[in-house]
Amino acid sequence: MNKSIIAYNIPELEKKNVLSEAQNLFKSNVLNEEQWGKIQVEFATNLYTPSFTMRVLLFIVSLIGMSTIMGPVGLIVGDIGDTGYRFLSFLLGISLLLFTEKKLIKDKSHYKSGVTEAGIYAGLSFIAFALLGSQSHSLLVYPCVGFLLAAFAAIRYLNLTALVLTIGFFGWMLFQLLSNIGGVAQALMPFIFMSAFGLIYWGSKKVRVKLSAEFLNDQFIILQTISLVLFYLAGNYFVVRELSIKMLGLTLSERQDIPFAFVFYGLTALVPIGTIYWGIKHKSTLLIRVALLTIALSIITFKYYFSLGMPVLTVTVAGAILIIVALISFNYLKQVRNGYTREKLLNNKWSSPDIMAIVASQTLGGNTNNGTTSEELQFGGGKFGGAGAGGNW
Amino acid sequence: MNSTNKELYQRNLIDDRQYQLLEAIRTKKIVSLYYELRLMLYLGIMLFTGGVGYFAYQNIGYMGHLIAMFGIGAAIIVGCYFIRKFAKPYSPTEVTVSLVYFDYILLLVSLLIISLFAYVQVYFDLVELLLNWTSFISAAIFLFMAYRYDNRALLAMAITAFAAAVGLSISPVNWAKGTWQLSSNLYTTSIMLGASLTVIGQVSQYKNLKKHFRFTYQNFGLLLYFIGCISAMFDSDYELSYAFLTLVSAGILTWYAWVHKEFLFFIYSNIAVYIAFTFLAFKAVNQLGGDYVVFIYYFPFTCIAYLLLLFTRKSHFAHE
């Protein structure tokens, strides 16, 4: 790997990664205090990362500060016309990026400090404005520009939000390209999407092994999860049908189904089953989590088209089945079986009892209002929470 | 670079036993399904209680109602049996129960009790009579369960139910819709309730009574307080007084949160200070009949100045 691609100092990133892993181990009571103390000394890094909430504050403040800076600058230079403002915006964008990189990252060793993110987003937004201006372009231009800028931020600054955007822009680009070509390309769109994201998943697994850079773990987890979910969605019957009608102008008369409907019914059913099989076989929690999500989506898809007209019963029975399956698994995994356990091995860095408490209070029926009966709200709340909890890994 | 485990092991920072455990996890000899199973259970409880509640809500005939009520009642009794069997005696400190799904049973039973309560109300035509008390009673049940069995999720539900009882809705869902300004004169209620919750949190800490509940109390309390203050600033006839109240109280809180490194509350109070200060600045410019163009300079310069100020003390908020 060419090390100058990444703006940060790689040995420092590696130390930072060891430190955060070790901190997690310490919090999970695997390491004792003495060991944790020694590790903190041995792997001391000069990277500056404030605590999470402060990063949020720094991000908000610097984003407001940096994105409004065009105002005073514009006032000073006066009226310079559309091209002039675009050029100015470009200069501002470049200077914000240079400031972030040279001053914050190189000199002050900021790493994900909130200010760096704000600098990157504001800088790239200015550049995007400069490139696109206010006139309209072909629809393919927007995702291409977005993809290039986001990919730049995702790789050079290891920015996770930019990574998600990169994948999104890639999907948009592919969609636009295929629908511009039309004909066979458009008809094969679901399969092209499936192969593209399948390839991305497979390729990212290979690249991950090859790089063996543990500080990129989060990047790979996000990349693989999103590619898998998109791989599934590309073959999902509901998505294919609705997108064909809404975006590609397919018209269906009553009792008519989309072409090759049985293929998509099959994919909707088989992809989740395949994913959970592979996940359990290869002990990949990532695959298992994606599989749980896609199973839920597939059930919703099938219910949508083959409803028995008893949604309440379905919800109750589904809830009961989930509880029973979970309890049976809890009991079954009392001892370690085939390498699986129900016990928490290490803390998950995303979980905290305080956050759980607030999420639970918002998604479960505590939020009752006067005048409305609580059952109604509990039901509504339950549905909302279901969507949120799916992404909660 | 080696894997982290190997690196730590080679430098003698972890012992054999730890290395083997970590390697087993890394090479997937052992995989934990802790979060997956919990997620399933959580979703299951949500769907099941939601379904049961809604099922009860639909009219299903005379016998159906009784059967449904008995069903819910029976489920509550079974749940209570488990809770009694595994619960530890009350203690003012944090209590951990060995049963892995204890918290979920607790949640399920509490929600079922509320369902049954609502059901009885509708069935016996008590809605009108109890209209104003429903949420209070729900809050009381949640609160009792939260303290008796030491559960923060139930405490958070108790607080939201109580806020609902006095007419406030504290929910990110509303903020997402952009309707986080309070209508009518609810801001006084919001300010009072918010301040009380914050004080209760502080008292819990000093009296050593469920110390770890402090965060939940104060998080809701401060949000209610500041949202009340800011709504009042834009809504009431005494806008200047409210703006000064916000500025001063949020200023004090900023200082307190900074010293005690309560950075989440630091952010809340910072945002409130900034809004109040900007509001007053607007008023001042307006009063002086001045030029609003200063605000083109105001936003970038105040933000950048504040950033520079924060970074003079950057070691104070470095990552622990």
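**View 1. The largest nonpolar core has 139 residues.** Leu154(B), Ala158(B), Phe226(B) and Cys229(B) have the most contacts inside this core. A nonpolar core is a set of buried Ala, Val, Leu, Ile, Met, Phe, Trp, Tyr and Cys residues joined through C-beta atoms within 7 Å. Buried means 20 or more other C-beta atoms within 10 Å of a residue's own, exposed means 12 or fewer, and partly exposed is in between, with C-beta atoms placed from the backbone. At least three residues of the core come from each of domain 1 (182–306) and domain 2 (312–349) of chain A; the bounds are from an automatic or database domain assignment. A second, separate core has 11 residues, including Val18(A), Leu19(A), Leu31(A) and Leu13(B).

The model is predicted: local features need pLDDT of at least 70, side-chain atom pairs count only at pLDDT 80 or more, and totals for chains, interfaces and linings use all residues. Residues are numbered from 1 along each chain as its sequence is written, while chains are lettered from A and ligands numbered from 1 in the order in which they are written.

**View 2. Leu154(B) and its contacts.** Beyond its neighbours within four places in sequence, Leu154(B) touches Leu106(B), Ser110(B), Phe142(B), Met145(B) and Ala146(B). Contact means C-beta atoms, placed from the backbone, within 7 Å.

**View 3. Helix 11 (residues 214–235) and helix 13 (residues 263–287) of chain B.** Their axes come within 10 Å and cross at roughly 5°. The two helices are therefore roughly parallel to each other (angles under 35 degrees). Axes are lines fitted to C-alpha atoms, for helices over the stretch in contact, and angles run from 0 to 180 degrees between N-to-C directions. Helices are DSSP runs of H or I, at least four residues, numbered from the N terminus. The contact has 12 nonpolar residues, one polar and no charged. Nonpolar covers Ala, Val, Leu, Ile, Met, Phe, Trp, Tyr, Cys and Pro; charged covers Asp, Glu, Lys and Arg; the others, Gly among them, are polar.

**View 4. Asp150(B) has a positive phi, near 55°.** Most residues other than glycine have a negative phi. Asp150(B) sits in the loop between helix 7 (134–149) and helix 8 (152–165) of chain B. Asp150(B) is buried because 24 other C-beta atoms lie within 10 Å.

**View 5. Leu158(A) also has a positive phi, near 50°.** Its place is the loop between helix 7 (141–156) and helix 8 (160–181) of chain A. With 19 other C-beta atoms within 10 Å, Leu158(A) is partly exposed.

Notes:
Contact = placed C-beta atoms within 7 Å. Parallel < 35°, antiparallel > 145°, perpendicular 65-115°, else oblique.
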